Amino acid sequence: MTTRILQATAALALFAIAGSANAQTQLTGAGATFPNPMYRKWFDAYNKLHPDVQINYNALGSGAGVKQIIEGTVDFGASDMPMADSSLAEFKTKRGNAVLHFPTVLGAVVPVYNIPSVKQSLKFTPAALAGIFLGTITKWNDPAIASANAGVKLPATDIVVAHRSDGSGTTFVWTDYLSKVSPPWAQKVGRNASVNWPVGIGGKGNDGVAASVKQTEGAIGYVELIYAVQNNISYGQVQNASGEFVNASLASVSAAAAGAAANMPEDFRVSITNAPGKGAYPISSFTWLLVPSKIQDASKRKVIVDFLKWMIADGQGMTEALQFAKLPAAVVAKESKAIAKIQ
Amino acid sequence: MSGPATAAPRAMPRKARTPERYSGVRAFAQRRLVGDDVARALVGLAAIAIIAITVMIVVELWTNSELARHKFGWGFIMGKVWDPNADTFGVLPYAYGTIVTSVLALLIAVPIGVGAAIFLSELAPPRVSDALTFAIELLAAVPSVIYGFIGIFVLLPFLKAYIVPPLRAALGWTPLFTGPYYGPSMFSAAVVLAIMTLPFIVSVSRQVLLAVPHEQREGALALGATRWETTWKVVVPFARRGIIGSVFLALARALGETMAVTMVIGNSPQIKASLLAPGYSIAAVIANEFSEATTDLYKHALIESALVLFAVTIIFNGLARLLVAGGSRQAPAQ
Amino acid sequence: MTAEAVRVHRRKLVNNVMLGATGVCAAGIVGVLLFILAFLLIKGAASLDLNFFTQLPKPPGELGGGLANAIVGSAKILGLATLFGVPIGFLGGVYLAEYGSRGFSFAVRYTTDLLNGVPSIVIGVFAYTLIVMRAKHFSAFAGGVALGIMMIPISVRSTEEFLRAVPVGLREGALALGTPKWRMLLTVVIPAARDGILTGVMLNLARVAGETAPLLFTSLGNAFWSPGINSPTATLPETIFHYSQSADPDWNRQAWAGGFVLLMLILATNVIARVIVTRGRPKGIR
């Protein structure tokens with residue numbers, strides 16, 4: 001009886017360990033939740049095209065993406081916040097080579113809210129958003145919000161701010177925007193993947209904030225557009241630098257990137273929040289894959305290079321279905337050349 | 001040597017065996033001695049491994065928190081500001097949340113748990129008592145993540161609708177129940193922790209209550225005390241040490257609880273007097289921020305927080321062990 | 001009524017009320033358990049479908065995904081944990097029960113209790129610094145080591161307890177027949193304690209099967225199957241955690257299903273272990 005059990009266990013163990021160990025290359029990446037629906041779709045599609053390649057993406061937040069690529073525990077990272085100079089330096093010290101940024105898509109961060117009595121899309125001025133997140137505006141029927149929403153009956157409910165509890169590129173984009181439009185915000189809180197939030201409850205990932213907002217009446221949070229759309233959460237329009245209230249959409253996000261596309265720096269690190277121009281959505285952002293410039297493992301290197309090439313070509317055709325805007329042509333051209341830098 | 005082996009007759013001394021007398025069996029005899037040596041070596045190795053692993057944990061935690069310890073010293077514990085951007089780390093907001101939620105959890109759980117233990121030890125017939133105790137111990141087997149999950153979707157709305165309004169009405173004049181209640185809060189976390197620690201309090205308290213000699217009860221009853229008076233004034237005080245031990249055990253568990261807490265506490269590192277405000281705990285901040293601690297100082301600060309948590313749980317576990325029947329009481333399967 | 005009678009009446013009232021209250025406490029706690037079971041049964045079982053057991057996760061927004069890799073991943077990591085933790089714990093328990101020496105036994109017991117009290121998140125951090133950082137990748141192996149460490153204390157304690165429960169007469173009989181100690185242990189004592197030791201392993205497994213925190217930084221997670229033991233691996237508790245944090249209703253549904261399966265497995269293991277132990281115990285002993 002015992003021998004039989006032992007044999008069965010051994011067989012099971014061998015099976016588990018062997019698993020699906022055919023000649024497969026599996027890459028591991030970690031990072032931003034902002035583009036997670038897009039990346040998961042891409043990697044799924046790429047796997048269908050190349051069944052021997054599995055790219056395993058873990059959406060832990062941009063902060064984790066940056067940290068893990070610096071530590072070298074993942075093959076690539078992903079972040080909506082361009083790595084700071086200090087992080088680049090740390091990468092160089094720890095890994096010995098440089099890390100490259102590759103833009104993948106353009107996305108929008110939208111203010112999502114949960115007010116059962118309000119079905120319309122609310123309009124938010126920069127001052128209103130800053131005040132809400134600073135904690136100075138505490139009720140939904142505050143004049144700062146009502147003034148931009150004539151004709152909408154706003155209730156006297158308390159505003160519950162939902163923000164990220166983890167290090168987030170989405171947070172960076174949001175706080176970057178608020179820092180540009182609100183001097184009090186810039187002074188008190190600043191811009192980063194993790195900030196000292198004056199008020200609010202923390203959720204993990206874009207998912208967590210979306211969930212918090214959905215579950216809490218009177219809540220307001222900030223998530224990437226696709227999270228609002230896929231989960232049926234109301235989101236508002238934001239007033240841009242030209243004074244218009246703009247809804248996040250493929251067109252408005254692309255408009256925001258137009259200026260930057262023309263003047264893209266070599267390392268692709270750029271911020272496009274509060275972009276000037278008509279119809280530009282003010283809280284837009286690129287998001288990047290972080291890839292080491294030197295990859296030892298030849299098969300992994302090949303996979304990453306091939307994937308990047310596929311991503312800027314065929315991959316771009318899949319973005320719009322998920323509310324992400326394509327990369328501008330100028331950026332694609334530049335990126336094409338940059339891929340060659342991966343050794 | 002301890003245990004049954006001392007009562008057994010010793011193995012024959014090596015020297016007594018002479019080759020001529022045990023020629024055929026000599027090989028067996030030599031194997032036999034090697035067998036005992038091997039056995040002793042194996043178990044000794046395992047024992048050493050256990051000690052080594054524990055030491056390694058302490059050492060790794062200590063060395064990997066060095067930057068933070070040197071930079072902040074004891075100020076780390078009282079430091080109120082945790083700001084990765086400014087390279088300033090103080091664990092107080094998290095320690096505050098950990099302590100407040102755990103203490104509140106015990107305030108809720110101890111009366112209920114000891115009450116249930118009294119019922120199970122004094123009133124319930126043995127079979128019923130066993131069955132109910134088993135059921136209560138099963139609560140300890142429910143994974144933390146499931147407590148958190150049910151917490152989010154069931155407990156939070158329930159508390160918001162039925163528990164917080166009366167509490168606020170009754171106790172709103174204290175600073176403890178002021179301010180808005182969003183759902184995720186220290187209070188919610190304390191309630192979840194209370195449910196999670198109840199099995200330990202019930203199980204251990206019941207065991208110590210059962211161990212109280214019958215003479216104590218019989219004496220009180222003979223003097224005309226009611227069942228309750230006997231229990232409350234004689235039995236429980238007799239078992240007081242063990243019950244307090246169970247409380248410390250529960251406290252140690254509550255302090256280290258991670259998943260359920262991070263899912264319902266609000267993840268907001270503020271030190272507020274109101275229990276209805278969102279908070280944060282040490283275990284939760286480690287779980288949330290460890291994967292992304294970009295700078296070494298940040299990582300070391302988190303590991304120092306882990307060290308603080310480790311130290312505090314050791315202290316309470318140690319106290320619990322001392323109080324509960326000399327230390328070898330088995331906690332329920334967890 | 002005399003003053004005395006009034007007093008007695010009041011004491012009786014207090015007696016009944018308080019004892020009733022304790023009954024309410026006990027009933028309340030059991031009620032919570034029943035509620036959790038019922039809730040997961042209703043919500044989780046309703047969310048179960050064949051896809052859950054056979055499909056890999058799909059990208060967010062797409063229906064039809066499942067947790068097949070998480071189930072296998074959990075099994076794999078638990079297997080590794082058992083391989084790592086149970087032998088050490090078992091042999092340690094044998095040491096304490098059969099061999100010990102005054103000082104060293106105390107040290108082993110003390111560190112075992114210490115280890116038992118370490119919060120699981122701290123063990124996860126330890127496994128990350130020890131293995132993941134050095135190996136430069138997340139892995140099922142690291143997760144297995146973390147959970148294995150958590151299994152050691154319970155393994156030690158339950159092994160020791162059940163070995164000590166074996167009657168001295170059995171040992172003496174074997175030794176009197178000239179059996180060497182190691183053989184006595186192997187062929188007489190341990191088989192006699194077999195039921196107890198087995199249940200100890202089962203309860204141990206049931207406990208660590210639900211642990212999430214240590215897996216967050218060790219096995220990480222995977223959208224695909226994980227070959228071998230050196231890749232990031234999806235596990236049931238970690239997937240439940242991530243899916244439960246989401247606003248996606250389909251992911252929530254899968255999390256409920258996963259929670260149901262996990263809880264049922266854990267509770268079933270606990271019940272079976274309990275049955276095995278009480279079956280072997282003479283009546284009248286609790």
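Visitor: Which residues in H4(C) meet residues in H6(C)?
Guide: From H4(C) there are Thr112(C), Leu115(C) and Asn116(C), and they meet Ile152(C), Pro153(C), Val156(C) and Arg157(C) in H6(C). Of the residues in this contact, 4 are nonpolar, 2 polar and 1 charged. Nonpolar covers Ala, Val, Leu, Ile, Met, Phe, Trp, Tyr, Cys and Pro, charged covers Asp, Glu, Lys and Arg, and the others, Gly among them, are polar. One thing before we go on: this is a predicted model, where local features need pLDDT of at least 70 and side-chain atom pairs count only at pLDDT 80 or more, while totals for chains, interfaces and linings use all residues. Residues are numbered from 1 along each chain as its sequence is written, and chains are lettered from A and ligands numbered from 1 in the order in which they are written.

Visitor: At what angle do H4 and H6 of chain C pack?
Guide: The angle is about 135°, and the axes are 8 Å apart. That makes H4(C) oblique to H6(C). The cut-offs go like this: under 35 degrees is roughly parallel, over 145 roughly antiparallel, 65 to 115 roughly perpendicular, and the rest oblique. Axes are lines fitted to C-alpha atoms, for helices over the stretch in contact, and angles run from 0 to 180 degrees between N-to-C directions.

Visitor: Is that crossing left-handed or right-handed?
Guide: H4(C) and H6(C) cross in a left-handed way. Left-handed is when the near helix is turned anticlockwise from the far one by less than a right angle, and right-handed is when it is clockwise.

Visitor: How many residues does H4(C) have?
Guide: H4(C) has 16 residues, and from first C-alpha to last it reaches 23 Å, close to the expected 22 Å. The expected span is 1.5 Å times one less than the number of residues.

Visitor: Which residues of H4(C) are buried?
Guide: Among them are Thr112(C) and Leu115(C), along with Val108(C), Arg109(C) and Asp113(C). A residue is buried if 20 or more other C-beta atoms lie within 10 Å of its own, exposed if 12 or fewer, and partly exposed in between, with C-beta atoms placed from the backbone.

Visitor: Switching to chain B, how many helices and strands are there?
Guide: Chain B has 13 helices and 0 strands. Of its 334 residues, 52% are buried. Take contacts between residues at least 6 apart in sequence: 77% of them join residues at least 24 apart.

Visitor: At what angle do H4 and H10 of chain B pack?
Guide: Helix H4 (residues 92-123) and helix H10 (residues 240-256) of chain B pack at about 140°, with axes 9 Å apart. H4(B) and H10(B) are therefore oblique to each other, and H4(B) passes H10(B) in a right-handed crossing. By class, the contact of H4(B) with H10(B) has 11 nonpolar, 2 polar and no charged residues.

Visitor: How many residues of chain B and chain C does their contact take?
Guide: The contact takes 79 residues from chain B and 82 residues from chain C. Helix H1 (residues 23-63) of chain B gives the most to the chain B side, with 18 residues. That side has 55 nonpolar, 16 polar and 8 charged residues.

Visitor: And how many residues of chain A are in contact with chain B?
Guide: There are 24 residues of chain A in contact with 17 residues of chain B. H3(A) has the largest share of the chain A side, 6 residues. By class, that chain A side has 6 nonpolar, 14 polar and 4 charged residues.

Visitor: What's the phi of Asn274(A)?
Guide: Phi of Asn274(A) is near 50°, a positive value in a residue other than glycine. Most residues other than glycine have a negative phi. Asn274(A) is in the loop between helix H11 (250-262) and strand E11 (284-292) of chain A. Asn274(A) counts as buried because 20 other C-beta atoms lie within 10 Å.

Visitor: What about Asn267(B), buried or exposed?
Guide: Asn267(B) is buried, with 30 other C-beta atoms within 10 Å. Asn267(B) also has a positive phi, about 50°, although it is not a glycine.

Visitor: Last one: which residues does Phe268(A) touch?
Guide: Leaving out residues up to four places away in sequence, Phe268(A) touches His101(A), Phe102(A), Pro103(A) and Trp288(A). Phe268(A) counts as partly exposed, with 18 C-beta neighbours inside 10 Å.

Definitions and conventions
Two residues are in contact if their C-beta atoms, placed from the backbone, lie within 7 Å. Helices (H or I, at least four residues) and strands (E, at least two) are DSSP runs, numbered from the N terminus.
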